[in-house]
Amino acid sequence: MRRYWVPAALSSELPDTDCSPIRVRLLGEDLVAFRDSEGRLGLLEEFCAHRRASLYFGRNEEGGLRCAYHGWKYDVSGQCVDLPQQPAYAPKIAICSYPCVEAGDVVWAYMGPPELRPDPPSVEWATIPGGQRYVSKWLQYSNYLQGIEGAIDSSHVSFLHRYEIEQNPLLKKTAATDFIKGDPNPEFDIDRTSGGLIVYAKRRDREGRAYYRITQMLMPWFSFPPPFGQHPLLCQAWVPRDDESCMVWSISYCTDRALTAEERAAMADGGGINVTYVPGTFLPVQNRTNDYLLDRAAQKAKKTFSGVAGLVAADVAIQESMGAIVDRSLEHLVHTDKAVVETRRMMLEAARAHARSGTTPPGVSGESQRIRPGCVILRAEADVREFLKEGQLRVGDRPVMSV
Amino acid sequence: MRRYWVPAALSSELPDTDCSPIRVRLLGEDLVAFRDSEGRLGLLEEFCAHRRASLYFGRNEEGGLRCAYHGWKYDVSGQCVDLPQQPAYAPKIAICSYPCVEAGDVVWAYMGPPELRPDPPSVEWATIPGGQRYVSKWLQYSNYLQGIEGAIDSSHVSFLHRYEIEQNPLLKKTAATDFIKGDPNPEFDIDRTSGGLIVYAKRRDREGRAYYRITQMLMPWFSFPPPFGQHPLLCQAWVPRDDESCMVWSISYCTDRALTAEERAAMADGGGINVTYVPGTFLPVQNRTNDYLLDRAAQKAKKTFSGVAGLVAADVAIQESMGAIVDRSLEHLVHTDKAVVETRRMMLEAARAHARSGTTPPGVSGESQRIRPGCVILRAEADVREFLKEGQLRVGDRPVMSV
Amino acid sequence: MRRYWVPAALSSELPDTDCSPIRVRLLGEDLVAFRDSEGRLGLLEEFCAHRRASLYFGRNEEGGLRCAYHGWKYDVSGQCVDLPQQPAYAPKIAICSYPCVEAGDVVWAYMGPPELRPDPPSVEWATIPGGQRYVSKWLQYSNYLQGIEGAIDSSHVSFLHRYEIEQNPLLKKTAATDFIKGDPNPEFDIDRTSGGLIVYAKRRDREGRAYYRITQMLMPWFSFPPPFGQHPLLCQAWVPRDDESCMVWSISYCTDRALTAEERAAMADGGGINVTYVPGTFLPVQNRTNDYLLDRAAQKAKKTFSGVAGLVAADVAIQESMGAIVDRSLEHLVHTDKAVVETRRMMLEAARAHARSGTTPPGVSGESQRIRPGCVILRAEADVREFLKEGQLRVGDRPVMSV
C-alpha cells in the first residue's frame, strides 16, 4: 500500500495557509497534517523529535509547524527549521514526513520509497472541475477489506439495499431497480485490468433482456460502482487507518456537467453514498454504539431490508457486525463471490510479488487509474465484451454507459 | 454446563411468531434467538455461514431467519433453507444451533451432545401456572460463581441485608427478621442431594428456640433461598455469559396461589429480588458506573448496611467489587463458609468426573430438580433432620415449610 | 518510593471521625482510607481478608471499618478486631495497612519497611499555619515522570506558557514575564543537594542583566518552581497511582502571610497551578476526552501558545499527548534538558543503590526537605552561587528570594 497515493484528508480540513493542524491516522501511523504559510502541505509524524510531545497542539505559522512545548519548528518536509535552545543543532533534526499532493478536493500522501513515487492520482473524479464532484468520508470500525469486498459485490444489492434503491434520491427511478429486485442471482464474470478488475454482474428479466452492472475494482482500495441512470457516478476508497478501522472515502461525480444544488443538498443530508455525522467527528450518526438506529418496524414494513436506514449505514452495520477482522476460514463462498475471491487473489499476488522482487503492484500507474464503471441492457444472448468498444470503460471522449 | 438446560431468554423477549431476533450470549458464545412463523424457537450462532455477517440484522419471516446481507435463510435447526445465489447448495449449509424449550416464561437452550439431552426443566416454578410466577433477569459483571456463592450463604444476610429485610415489601414482617438480626453467627450443616446441596443455617434466640433457614443449591447455577413468611418463594440462577459476566435470573413464585397485583407491582418496581433497569437494557439502574447510587447518609442512618439500597443491588455491588474473577487463594474462610466450600467441591468433582468418564453431573435429571427451600422454628435442642419428614423439601402435596 | 511519605489524600476528603471511607490508588495498589472514631487515620488494602469484598462499601464506625458483606471489622492498623462468625479467629486476621500522618492539609502514607519509617514530612508548606496554604490535586493520565520532567524544565515556560504568564492572576505582573518572553534559550546549571537538585535557569536581557529562575527538585516527586514576584510560592508532587497515571498535588503557599480571599478565590477558580473539576471527581474539566477544550482561535490570536487555556491544562495536554509512558529512546535532548537528564540520573542512581545495598535515597530525611525555590536578577557576569548566601534556598529566617 505504500506504493500508492493514499487519500489522507479532505482539502477542506486544511482550508487555508497557516490553518489548524489536524490528526491523521494512516496505515497504523499517527500523523499530523498542516498547510504552511505558502500553501504547501505537510504530513508529519505526530510527535516532536525533542521530547515526543504531540505536534497536534503545535502552532502553524511562518512556514512550519512549531511544537507547543519548547518551540521546535518543522517545515513540510519534516526538517527542523528552528530550534531555539540550540540553533546549530536544527539542521541535524528531522522527523518522518510524507509528500502530499492535492487533487479532487483530497490531500493524498505518498508513504513509500521516494525513488518509487508514482505520478499524481489520475482517477477521473480527481481531474475534473470541482463543481462536478462531491467528496465525503466516514470512519468505519472494520478492516478495510471487508469494505471493498462489499463494494464489488453487486449481488448483495438485491438484498441489503433492496428497498433503499427505490427510495434514495440519488439512486431511484432507474432501470436498475427492476432488474436488481427481479433477479437476486446475478451471473458474475471478471476481467483483470492493469489496475484491478472489471466485474460484470448480469441480471435477466422475463423478456429475454440482460442488465449488466459493470463495477471496477482499482487496487488497492477503490471501487467504482455502476451508475444508477443519469445520477452522478460513484467511487469509494476504503483506506486503512490500522488493521481494525478504516476511513471510507465516498465520491459522487459527473463527467459532463456540474452537480445540481438539489443533488448537493441530498448528499449533504446523507443521500446517495453519504452519511450524516456525530458533530465534530467523521463518525456516522448511525453507528455501532446505537445499533445504527435499527428500526424493526421499518424492517417489518419492508421500508428497509435490515432495519438500518440508508445505503451506507446498512453496509457499515453489516461490515462492522462481522467483527474488526472477519475470520475468512469460516466462510462458505458461492458463485456470486467470484469478485471477492479474485480481489483477494490479486491482492495476495501483488503483495507476494512485491515482497519477493519489488514488482510494482497493479493500479500504481496513472494510466491504469483512468477507468469508469458502467451499465447496459442487452439481449440476454449477446456478449457484453463484444458489445463493449475500446475505451468505453476507460476515461475518454465517449459517454459512460448508463441506463 | 453443556449437560444442562440453560436459561437463555425471557419468553417475553420473543413475544410473537416472526418477531425481532435478539442477541444472546451464553457460555462465551454469541448467538441470536428468534421465534419462527410457526412459533418454533431458534437459537443460532450469530454469524451467517456465507460471509459472517451478523444475523441480528436478519429478517425473521416465512419460517426462518434471513441474513440481511445476501438473503441466506436458516430455519430453527440452523439448516439453510434458502440460498438464492445457488439454491442447490442450501442443503449442505447449516450453522450451529441449539434446541430450545419454553417453560416458566423462560426460553431454555440445550448446548450439549444431542444424544444426552435431558428431560425438560422440572424446577417447580417452571411447571406451575403463569399467574403464580414472576420472572426477571439482570446483567452482572462478575463470574457466575461469585453470585451463587453469595446466594447459598445465609450468614451475609445478617450483615449486608440487615436493614433491607425489615423494609423490603416482599421480605418484611416475618419471623426471619428477628432471628437474622439477633444471631449473626449461624451454624451451618449440609446434606448432599442428587442435584446439589441442602444448606441448613441455624440461628438461635434467647428463649431456646432455633430458626433454620434451609437453602437448596441445585447444580450448576441455581439457588433456592428460604422463604420469608408467606411471601412468594424465591429462586435464582447465575448463568455464565462468559468468564467475566453472567445473567442472573430471578424468580418469585407461589406453589398454591396466584401472585397478587400488589406483589407484581412491587416486583416490577425492584422489590424482592428484582431490579429496575437502564432503559432498553437488562443493566440495573444501580450499577458499577454510578457506584450503585451509594448513599452514605442512608448507610450512616442504618437504612442500609452498605450504603447501597435494595437487596439485589447490594449483592451486585459486593460481588462485582471483588473483581470479575476473585482470587480465591487470598480468602480466609470460616465455619459459615461451609456451603461455599461444599459447592466448590461438588462442582469440581462433577467437572472432573465428567471429564474423566462422562459421568452425568448432579442436577441434570428432572427428578433431582423438584426441590423446595424451607424454614422452620424448633426447640434449639431438636434435630432438624429428625423433624423433616420425607418429601418436605421436595415438590409434593405437602406445604412448603415457612414461618 | 516506598522509603518516602506518599501524599495519599486531602485531609478534607476525610473530614470527620467515622466519615465515609474513600478509595485511594497508590503505587499500583488499590486501597481504602478512613478516619476512625478517635480520629486515627487508616489506609488499608481495599479487599476484606474473608471473601475479598471491597471495603469501600464498608461501615466506618466504633473504631474501625466493617466489611459490608459479613461484618468483619478492621482497625487502622489492618488488624481484624471483630469477626462475628468466629470471634477467636479475629486476632489471626489482618490485612495490609500503611501508617499515615497528617500535615499540611494532606494525609501522607508510608508504604515501606516499618523499621525504616522516616520523620514526618518537613516540606515547608506542610509546617506553616493552614491560612498560608492552598492545596489541590488532579488526576493525570501519564507516567509521573513526564510530569516532574516538565516541572523542572524552565525552558518550556518561554513557549508553552508564554502568554499565560501575562494573564494568570497568580503569576502576572512580575519581572519574570519580560525575561521569560525575551530569552527563550536559558542557560542551565545544576547543583546536587542532599534531597535532590537545585536547577538554575539563567535568562539575559539587552541591558546586561541576568534573571535566574531557581527550581528545586526534591526526590522522588516534588518540584518547587521559582516564585513569580510576591505571588504565593508553589510546590507540586507527581505521585504515581500506577505506571500510567498519577495524582498531581499542587500547593500554593506564603511563608510570611495568610493567603488573601482574592488569591483563594482565584485558586478555586483554576488560577495559578490549579484546575476546575468534572463534578464529583478529581479529573480536570479540560481533559483528554475533550482535547482540553482546545481553542484554535485563541491560539492564533496569541492568547494561548498551544490553544489550551490555563497553565495546568496546557501542561497536562502536552504530558498526556506523549502517551502514558513516553519512549525516551526516541528523544533528542539539548542543553536546556540538563535538569531532565540529571533528574533521571539521580533517580536511577538512587534506585540502583537502594536495590544493591539498601542505601537510603536522597530526600528521605526531614532536613533535606526544608528547601525553597527562588529567583533573582543580577548583572549577567555575576556568579549566582557567589551571590547566594548560606541558607537562602533553605527554610530559615531569611526571606525567600523573589523579584
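Trainee: Where does Pro220(A) lie?
Mentor: Pro220(A) is in the loop between β14 (209-218) and β15 (222-224) of chain A. Helices and strands here are DSSP runs numbered from the N terminus: H or I of at least four residues for helices, E of at least two for strands. Keep in mind that this is a predicted model, where local features need pLDDT of at least 70, side-chain atom pairs count only at pLDDT 80 or more, and totals for chains, interfaces and linings use all residues. Residues are numbered from 1 along each chain as its sequence is written, chains are lettered from A and ligands numbered from 1 in the order in which they are written, and side-chain values use heavy atoms, with hydrogens and water left out.

Trainee: What kind of peptide bond joins Met219(A) and Pro220(A)?
Mentor: A cis one, with omega at about -5 degrees. In chain C, Met219(C) and Pro220(C) are also joined by a cis peptide bond, with omega about 0 degrees. Pro220(C) sits in the loop between β14 (209-218) and β15 (222-224) of chain C.

Trainee: And what is the phi of Asp291(A)?
Mentor: Positive, about 50 degrees, although Asp291(A) is not a glycine. You'll find Asp291(A) in the loop between α4 (261-268) and α5 (296-300) of chain A.

Trainee: Now helix packing. At what angle do the axes of α1 and α7 of chain A cross?
Mentor: Start with the idea: axes are lines fitted to C-alpha atoms, for helices over the stretch in contact, and angles run from 0 to 180 degrees between N-to-C directions. In chain A, the axes of α1 (residues 144-151) and α7 (residues 338-357) come within 9 Å and cross at roughly 135 degrees. That makes α1(A) oblique to α7(A); under 35 degrees counts as roughly parallel, over 145 as roughly antiparallel, 65 to 115 as roughly perpendicular and the rest as oblique.

Trainee: Which residues make that contact?
Mentor: Contact means heavy atoms within 4.5 Å. From α1(A) come Tyr144(A), Leu145(A), Ile148(A) and Glu149(A), and from α7(A) come Val340(A), Arg344(A) and Met347(A). By class, that gives 5 nonpolar, no polar and 2 charged residues, where Ala, Val, Leu, Ile, Met, Phe, Trp, Tyr, Cys and Pro are nonpolar, Asp, Glu, Lys and Arg are charged, and the others, Gly among them, are polar.

Trainee: How do α1 and α7 of chain C cross?
Mentor: Their axes come within 9 Å, at roughly 135 degrees. Tyr144(C), Leu145(C), Ile148(C) and Glu149(C) of α1(C) touch Val340(C), Arg344(C) and Met347(C) of α7(C).

Trainee: On to interfaces. What area do chain B and chain C bury between them?
Mentor: The size of an interface is often given as the accessible area lost when the parts come together. Here that loss is taken with a 1.4 Å probe and summed over both parts. Chain B and chain C bury about 2700 Å², 53% of it on carbon and sulfur atoms. The contact involves 38 residues of chain B and 30 residues of chain C.

Trainee: How many salt bridges cross that interface?
Mentor: The rule wants a side-chain nitrogen of Lys or Arg within 4 Å of a carboxyl oxygen of Asp or Glu, and between chain B and chain C it finds 4. One pairs Arg51(C) with Asp153(B), the closest N and O atoms being 3.9 Å apart.

Trainee: What is the salt-bridge count between chain C and chain A?
Mentor: There the count is 5. Among them is Glu331(C) with Arg51(A), at 3.6 Å from N to O.

Note on methods
Buried area = accessible area lost by both parts, 1.4 Å probe.
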